[in-house]
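Please open the structure in your viewer and keep the selection tool at hand. This tour goes from stop to stop, saying each time what to select and what is to be found there.

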Amino acid sequence: MIEHLPAVMIAIPLFGAFVAPLFKKKQNIAAVWAILITAVTVGLSLLLMYQVRLNGVIVYVFGADRPTLVLPSGYKVPIRIMFEIDGIGAFMAISATLMSFIGALYSYSHVKAESGLEKYYALLLLLEVGILGMVLTGDLFNLFVFLEIAGIAGSALVGFRNYRGEASEAGIKYLIVSAVASLMVLFAVGILYGEYGNLNLAYISKHISFNTLDMIAFGLLFTSFAMKCGSVPMHYWVPDAYTEVPAGINPILLVSTYASLYALFRVSFTLFANISISLARVGWIMSVLGVLTMFIGVTMALVQKDVKRLMSYHAISQTGYMLLGVGVGLTVLHDPKALAEFGKTAMAGGIFHIINHIIYKSLLLMAAGALFYVTGTRNLNEMGGLARKMPITTLCFIVGAAAISGLPPFNGFASKFLIYESSYRLNPLLAVFAMVTSILTLASFVKVFASAFLGPPLEKFEEAKEVPKPMIVAMVILALLCILFGLFPDVVLDKLVYPAVDALIKVAQYQTWGGLA
Amino acid sequence: MIPRLVTGAGYWSPLLWLAFLILFTLIGYLIYSRGNPRYRKDTEQVKPYLSGNVEPSKEKIQVKAGDIYWGLVEALKDYYNVLQAIHTGDLRDYILWYLGVGTIILFLLVGGA
């Protein structure tokens, strides 16, 4: 059974998604069903990480006599659909499943009043399938297929509240942007397939010759994934989507965005890591995009009045830290001394920031969702004095805001600290931008806190009270994770982050199909 | 073993930091608890002095989100004018930015191949 774990990871949420519409008449059961399925996937992803730590890269071949049989008899190249799971794939799988569970739990109360919830939960589970497929696959075409699944499910969820014009508009925008990016990915995959007659990532990375055509494919993949992860100046779709999607979907939509970031890292490190001449150039492109992303994101957040839009711009800004951290590592990948001195730390910071950001940004977006649930508005100018009415939400918001601003001892500080100290070694200006961004982040969250929670209680919110328990539980779990990851960063780094960093750096390990070929 | 975050340039110990934070909070509380003993809550002594004017209702003097950082945004008006002008919300512009950035990246990559 354990050898089929990679396939089960996909099969269970897929089964859950197909069953969910059967609960059309009992939508509460659909919600419980989604919570159950996502909880099971959390357990499976932890087991997957354990297996990866125990046995190294896991290879799973669909349709083979044995799931580990990479090459059919008589063949010299892999032709089957393969999942190839290393440290970073397992790391992303844990992020995806955890956030799907939290999102489903929060949604139980948050969207209770909506109709069509059986479709909502089916789409939530499909989105999980899409993300898991993207991060587990070892095949370029499957990456495209799962990217499409995640894009379509995501856009349907963004436009879920279709009685709101803005939601439909955001959903269509997300769909088109996703489709354009996916088509370009398909085009790049076609180029590589035409050249090497194979779609297996490990195989292509072993045989790639880095000619002009390859570099065009790389450019297309790089730009498409950069757009899908919300890098400036291709970030415009992010505020639209994150603002309109129900708050329970925000966590998994965030992970979906970072699955594209994962794909960007995977392509840059695994497929193209051996282009020694221009790899530093690629790293610099990533780092500069990171700095632009963090700075423009945060300055745009500072002037927003819609609480979810403000937080969406912060999501863009925080992606910049991840791009910067991993970009610094990529820049010095072929310089063993610099890689050992600061490159690996920078990458650890960037990857640690992925999970940290997923946790605290989900928490903050859920707090924003709670504000909307209670007040019926997202406009900060119309809020005030809610701290006494919603004490737990307020506390959770404070934890999330402190974490995103990089205040110790919360989790955001731990990863940002690694990024500051290591990016400084490549170029001090990079660290300066990162720190200024953190200060501006804190400033804009002070604005949210002051206008929504502080101040005298407003008459119109006299009857306001704390949000229902499932929403509280979801927020409290995330707040606790913010504190735990901040107090024990070394544990997370050792168990989750450094295996992920090593997986990216040690290309040869990935190329050997887990030691089978 | 105290958890440490090793950065290459030094280390950070969150639990040690937390211990100091608790210690300083206790010291702060000790100083606070020895404050003015004549202070009485909900009496005339805590009311603001407004040169004899009537104190407006709290709801009227609430600082709105748009007012916070007004000065900063005003000082950076030129920067924000440019930034807000490019955030058009028009899907065609989204795609054009993608194509533009894609062209630059392709140029940088193919030029270096």
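Begin by selecting chain B, which has four helices and two strands; here helices (H or I, at least four residues) and strands (E, at least two) are DSSP runs, numbered from the N terminus. Followed from the N terminus on, the elements of chain B run β-β-α-α-α-α. This is a predicted model, in which local features need pLDDT of at least 70 and side-chain atom pairs count only at pLDDT 80 or more, while totals for chains, interfaces and linings use all residues. Residues are numbered from 1 along each chain as its sequence is written, chains are lettered from A and ligands numbered from 1 in the order in which they are written, and side-chain values use heavy atoms, with hydrogens and water left out.

**Chain B as a whole**

Of the 113 residues in chain B, 19% are buried, where buried means under 20% relative accessible area, exposed over 50%, and partly exposed in between (1.4 Å probe, protein chains only). If you display the surface, the accessible area of chain B comes to about 8,800 Å², and 65% of it belongs to carbon and sulfur atoms; such areas come from the Shrake-Rupley method with a 1.4 Å probe, and for residues only the protein chains shown count as cover.

Next select L16(B), F20(B), L23(B), F24(B), I27(B) and I31(B), which make a nonpolar surface patch of about 600 Å². Patches are made of residues with over 30% relative accessible area and no salt bridge, with like charges joined within 9 Å and nonpolar side chains (Val, Leu, Ile, Met, Phe, Trp, Tyr) within 5 Å. Within this selection, F20(B) lies in helix α1 (residues 14-33) of chain B, and F20(B) is partly exposed, with a relative accessible area of 45%.

Now move to S51(B), which sits in the loop between α1 and α2 (70-75) of chain B. Although S51(B) is not a glycine, its phi is positive, at about 55°, and this residue is exposed, with a relative accessible area of 59%.

**Loops of chain A**

Go over to chain A and select F210(A), in the loop between α7 (201-207) and α8.

Two prolines come next. P233(A) is in the loop between α8 (212-228) and α9 (237-244) of chain A, and the peptide bond leading from V232(A) to P233(A) is cis, with omega near 0°. P409(A) is in the loop between α14 (391-404) and α15 (411-426) of chain A, and the bond from P408(A) to P409(A) is cis, with omega near 5°.

**Salt bridges**

Side chains of opposite charge can pair when their charged atoms come close. A salt bridge is counted where a side-chain nitrogen of Lys or Arg is within 4 Å of a carboxyl oxygen of Asp or Glu, and the whole structure has 15 of them over all chains.

Select R309(A) and D240(A), which form a salt bridge whose closest N and O atoms are 3.3 Å apart. Because R309(A) lies in helix α12 (residues 307-331) and D240(A) in helix α9 of chain A, the pair ties together parts that are 69 residues apart in sequence. R309(A) is partly exposed at 25% relative accessibility, whereas D240(A) is buried at 9%.

Then select E244(A) and R378(A), another salt bridge, with the closest N and O atoms 3.3 Å apart. E244(A) lies in helix α9 and R378(A) in the loop between α13 (336-375) and α14 of chain A, so this pair ties together parts that are 134 residues apart in sequence. Both partners are buried, E244(A) at 7% relative accessibility and R378(A) at 14%.

Finish in chain B with E74(B) and K77(B), whose side chains meet in a salt bridge (3.4 Å, N to O).
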